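Work through the following exercises with the sequence and the model at hand. Each task is followed by a solution in steps.

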Amino acid sequence: MRDALLFVSLIPRNAGVLLIRGYRALISPLYGDVCRYYPSCSAYGLGSVQQRGLLLGSALTAWRILRCNPWSSGGIDEVRVARHDRYRVTPFGWVVPAGSGHADASGSAPHAHSHGHVHHAASGLAPAQSSTRNDAAIVTVSPTMSRKD
């Protein structure tokens, strides 16, 4: 029951993930490589919405976009990983409760390794590092990063 309530509470966050993924697929390629930061602003937005939720993630993304201008020196600006282990990110990018057995967009359940790493076989990424806690399997790399991200 708790996972069902948590899943319902994640619907706005996942709607934001869907919008950002749509932007990244359709509009972002038209602009090319213009972001002064790594990861790009859209990748930062995706990660911040996944980690912090729709409201706080959107506010952090807006602040990042304001800082990304021709007078900025740019640099590396990663999304801070959440300090809890309530959620996990599927290879598609959906945010689901950590204890759920929900399948990802491809219909297969993600594979978690017992040492705190999450494998993304479909995306071809190396296992992401977890936080310093042994019980947390927190993804620190977005599986949706593609271009220069």
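**Exercise 1.** Determine how helix 2 and helix 4 are oriented to each other in this predicted model.

Step 1. Locate the elements: helix 2 covers residues 11–26 and helix 4 covers residues 41–52. Helices (H or I, at least four residues) and strands (E, at least two) are DSSP runs, numbered from the N terminus.

Step 2. Take the geometry. The two helices pack at an angle of about 170 degrees, and their axes are 9 Å apart. Axes are lines fitted to C-alpha atoms, for helices over the stretch in contact, and angles run from 0 to 180 degrees between N-to-C directions.

Step 3. Apply the classes: under 35 degrees is roughly parallel, over 145 roughly antiparallel, 65 to 115 roughly perpendicular, and the rest oblique. Helix 2 and helix 4 are therefore roughly antiparallel.

Step 4. List the contact (heavy atoms within 4.5 Å). Helix 2 contributes Arg13, Gly16, Val17, Ile20, Arg21, Tyr23 and Arg24, while helix 4 contributes Ser42, Ala43, Gly45, Leu46, Val49, Gln50, Gln51 and Arg52.

Residues are numbered from 1 along each chain as its sequence is written. In this predicted model, local features need pLDDT of at least 70, side-chain atom pairs count only at pLDDT 80 or more, totals for chains, interfaces and linings use all residues, and side-chain values use heavy atoms, with hydrogens and water left out.

**Exercise 2.** Describe the setting of Asp85.

Step 1. Asp85 sits in the loop between strand 2 (75–76) and strand 3 (87–89).

Step 2. Its relative accessible area is 29%, so Asp85 is partly exposed.

Step 3. Gly99 is 14 residues from Asp85 along the chain, and their C-alpha atoms are 9.4 Å apart.

**Exercise 3.** State how confident the predictor is in the protein chain.

Step 1. pLDDT is the predictor's confidence in each residue, from 0 to 100. The chain has a mean pLDDT of 74, with 66% of its residues at 70 or more.

Step 2. Residues 102–149 have pLDDT below 50.

Conventions. Buried < 20%, exposed > 50% of the residue type's maximum accessible area, 1.4 Å probe, protein only.
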